Structures are given as structure tokens and as C-alpha cells.
Amino acid sequence: MSGQDVLPNTLPTRMTLQRLQVRLGAAQKGHRLLKKKADALTVRFRQITKDIYDTKMEMGNVLKRTALAMAETRYAAGDISQVIQQKVSQPSALVRGGIDNIAGVHLPVFNLECSGSTSMQLTGLSAGGSKIEKCAQTHRSALDTIVKLASLQTSFLKLDEVIKLTNRRVNAIENVVIPKIKNTIQMIKDHLDEEEREEFTRMKKIVEKKKKRIEMEKAALEARREMRRLEDDIDTLALMTGGPLEEPADLIGGDDDIVF
Amino acid sequence: MVKKVGSCPSLATYANEFGFLEGVVKTHYNDFLSSSDYLALNECENISDFIVQLNGTRYCQYVQHHRDDANLEPSVIHDAMMRKFVDDYNFLLDNAIEPLLTFLRFCTYGHMIDNTILIIQGTLQGREPARLIKACHPLGRFDGIGALSTARSAKDLYDRVLIDTPIAKYFEKAAIGGSAEDTLTDSNIELLRNSLHKHYLEDFLELIKELGGDTYDEMKPLLDFEADRRAINISINSLNSDITAEERRALMPRMGVLFPCGTDQLVNRDSLQGVGLALSRVDEYHHIFVAGSEDDLDSTVSIEDGMYKLETAMARQAMYRGFCFAPFYGFFKLREQEIRNVMWLAERVHLGLNEGVSKLPIIRD
């Protein structure tokens, strides 16, 4: 365990430990939530990918149909594109932007609004009117598909970005923040344990020393008591023999029976 | 209103005056793509192939510089064909003398009307004049066309430009219940266009009446057909719109096989079946209508297709005639049809579809 895996500037105290534990809980909760969000986004992402695929396939057909309808119109009514272009005064189809909320992510949504504009009306009155009408219809449906696809594609890009971000956060919490907190907690715990052990040993030493001293004192007391008793004994002996025992050598010397 | 263009070209001097041009026009018949050309074009993979194929036809000098380009659009072919059409037409025009000159010019008035309408519309919308003129049909260009877009108001437009053009009189006639200046608004411009075409057709009929003789005999069915086609198309295409019967009647040419009884019936019909009923007296149209009215997305034959087929057949007949002006008109119609045909094929080829040839009216076997 190297030094970089722990939070910097942490004092190994119980208070810090408590605080860190709260933090760990929060981090784990956040991780769970983010993971859930990432999952939800991924589900949506897959859905959108599928939709894009479908729409693109459809798009090929639709565009082919429009091109065909256009060719038929040109055949029947001549080149009407200029006529139509010069006639248009206001857009008959508008794309409006909206917002879709997926797990707190705002995705742009485009909606096509077709107004029943009459700029087309009576075009091709003398030739190809029905073809022009059909052509307009196919183009309208093509436009619908295009707008749908644009909406999906934009969502796709945005979601992709958000999913990346969320996953990065999830991974960061999972692999950096949580281990770091855990390590710090472990470190503090170790530290505290160490301190405790030290304390214990010191206590033991103190107790030992105290015991020794008590014993020594006891022994000294005992010795003193013994001495006193001896002194008492001597005193008693002196009383018994009369006179204080001043010269024990004399005592020996005075006895004739003692032979050295 | 046709100014005196001289009476019918007499047979005695016809060959002398118009024989050369008639010969030229009849050789143009051989310029048309044959059915084998169409089949070959239909087999093409892309537009470059298409151009290689066209290179083997009379269009070769108009398409050859496109040969090596990649990513060609079908419009390239349209432009090339149109250039040839314009060149051929201008050759005829340069060598023609009255009354053929007037006749030839009359053939282009339809495009002129469309161009004028286009520019009026564009001017009303405030579009770029240069682009508008570029978008015009080349055969409908006239001297004052550039000036059309300088006009700021409808009155300007009429006073400065239109009054000098041959179609001014149609504008005058089309202005029902008002002066010619009042008609140039955005709302009724499509009605105006059709009204102009109607007066143009009626005027054309006047012209060939004046020319008389074989020209009248041969041209009358063609113009009648044109008028009837207009009437039928207008009545079908206005079924779902809010055009009143009176407005509709005003757009129908007062000529044609259907006129007056059939036209009357067409005016008052408000369903597709009704139109069919009105057409039941004329066999050709009824056939076309029956074949085309089952027109849904899958059907390959529409009323327009039927009309084009009939028109092609009639124009081809006209090409065979001699000592009258009908071959010139026939050439005009056939060339337009050929451009349509080839463009249709080119667009199919461009889309990668190769089954479009069957519905086209083939001009030459």
C-alpha cells in the first residue's frame, strides 16, 4: 500500500475515521445510483441504435420511392421544380426542437410540423397534377423519416457522450474514490490499533514496574519489620541478660567453654 | 388576332418556298432514337454508360465532352438534348420565310407563357433574376425576358415588357373582368397560366385556319387533341380543389373534339367517374381514361402516359404528311417526347432501376 492510495492530509483520529466512514457510505450509494443511471442510459442507447438502424433501412426505400416519384413527375409534368420553388412563400414544413428527459439527461428531439400549405395547389393543373400530388406525399413522408433520423442521430451522439461520462464517473468512484477511502480507513484503523497496542505495552510495563516496586516496598517493609523484630529480640535479650548488650565479643570471650 | 401571314402556301410554290425545310425536318425523323437505342439505353449501368450509348446516336456531338466525367447527373443529358433541340429549331427558324416563320414561332409560345409565369412568380417572391432566367425553358426565351425581372409591379411588367411580346394579347384576353394589369397576383397565377395556354391554343387554331388547306386539315386534330388533353387534365386535377365550375370553364379551350358538349359535361363533374362518363363519347380518350384511372402507386400506366402515347402516334402521323406545316409541329412534339423519354430512362438508370422502357412511347421502330 503506497502513500498515493490514501487521502492526503488525514489525521489518524477516531473523528476522521467516523467522517470517512460516512463518506464511504455516500460514495457507495453514489456509485450504485450512477451505475443504475448508466444502465438506464445504455438501455436507451441500444434502443436508439436499433431505431437508427431501422430508420436508415427505411430511409433507403423511402428515398428511392421519392426519387422515383420525382422521375415520374418530371415525365408527366415536365420540370416543375422551378415552378414550385418560385411559388413558395412560407415553409410548409417546420422542424421544432423539443427535449426528452432520460435519467436526467436532456436529449434533443425534433418534431416535424407540416402545415397544410397551399403553395402546391393547382400546380400541374394541365398536366401531371396527380403525379405532383403523389410526389409531394412521398417527399413529405421522406422528410418525416429524415427528421426522425436526425432526431435519433442527435440523441445518439448526446447519449454516447453522457454514457461515456457516466461510465467514467462510475469507474472513478469504483476504482479510485472508494478504494482510496477504504485504504485511508484501513490506514487509520491500523494506526489506531498500533497506538492501542503501544498503549497496552506501556501499560503492561507500568504495571510490571509498579508491581516490582510494590514488591520491593513490600520486601523493604518486611526487612525493616524483620530488623525491628531482631532489634526487639536483642532488646529483649539484653533485658534478659541485664544490661544492654554492648560488647558481644566480650560475651564470647567470657565463656570459657567456647574454643576457637 | 392573328396578323395576316399570307394565305395557304400554294402547292405550286410550296416546294420552292418550304421544300428544303420540310426535307430537313423529315431527315430529323431519322435522328430520333429507335427502339433498339432505347433498349440499349435501358441496359446502362450509370449515366456515363448512358452518354457512351448516346454517343452512338445523333446526339454524339452534344454529349461527347461529358464522356470522361464521373458522377454525372441526369440533368447533363437533358441539357445536351435541349441544346440539340434548340440548334435544330434555330436552323429551321433561320431558314424559314413567312408564313412558316410565324407557324414555327407559334410552336414555342407555350414555353414562352411558362417562362413568363415563372419569372412573374419569382419576381413576386423576390428571387434572383439571373437565376430565374437560367431556369427558363430555352425555347421560350424572348428578347425582353431579362427585363421581366426588372419590373417592380404587375403594371410595370405589363407595360414595359409583356406588351411587346407575342403573348401580350393572351394576357389581355385572360384578364376576365379587369384590365390586364390586375391579373398578376400570386394567388391566381396557376389559373392565369392555364388561361393563357387556353387562349394560346385558340389563337393557334385561328392561325392554321388562316393558313388553311392541308395544314389546317392535318393540324386541326393535333391542336384538338392538345385542347382536349388540357380540358381532361384540368377537370381531373381540379377535382379536389376549390375551383368553381365557372372558373374551370374559363380554363377550358373552346375547341377540341370534346367541345362543346363534352367540355360542358367535364365542367360540371365532380368525381373521377363523372369525368369518365363525360369522356365515354370519345373512344380514344375513354380507353386512356379506363387504363389510367386504376392509377395507384404500382400501376405503370397513367392517364398522362396514355395521352403521351396518343400524342406520339398522332405526331408521328403528322411527320409523314407533305406539303403542309404539320411535320414541323410533329417534329416539335416528338422531340419534346424524346427528351422526356430519355430523361425518364436516365433517371431510372441513375436510381439503378432498369425496367422503365415499357411504358414509353417509342417514336421510331
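**Conventions.** I note that this is a predicted model, in which local features need pLDDT of at least 70, side-chain atom pairs count only at pLDDT 80 or more, and totals for chains, interfaces and linings use all residues. Residues are numbered from 1 along each chain as its sequence is written, chains are lettered from A and ligands numbered from 1 in the order in which they are written, and side-chain values use heavy atoms, with hydrogens and water left out.

**Salt bridges.** I looked up the pair A:Asp54 and A:Lys50 again and found a salt bridge, with the closest N and O atoms 4.0 Å apart. The term requires a side-chain nitrogen of Lys or Arg within 4 Å of a carboxyl oxygen of Asp or Glu. Over all chains, I recorded 30 salt bridges by this rule.

**Chain B against chain A.** I found 40 residues of chain B in contact (heavy atoms within 4.5 Å) with 29 residues of chain A. The two chains bury about 2,900 Å² between them, 55% of it on carbon and sulfur atoms; buried area is the accessible area (1.4 Å probe) lost on putting two parts together, summed over both. B:Glu190, B:Glu347 and B:Leu351 supply 18% of the area that chain B buries against chain A, more than any other three residues.

Between chain B and chain A I counted one salt bridge. B:Glu347 forms a salt bridge with A:Arg74, and the closest N and O atoms are 2.5 Å apart. Helix α18(B) gives the most to the side of chain B that touches chain A, namely seven residues.

**Confidence.** The complex has an ipTM of 0.76 and a pTM of 0.75 from the predictor. Within chain B, helix α9 (residues 154-161) has the lowest confidence, at a mean of 71, and helix α5 (residues 74-95) the highest, at 89.

Definitions and conventions: Helix = DSSP H or I, 4+ residues; strand = E, 2+ residues; numbered from the N terminus. pLDDT = per-residue confidence, 0-100.
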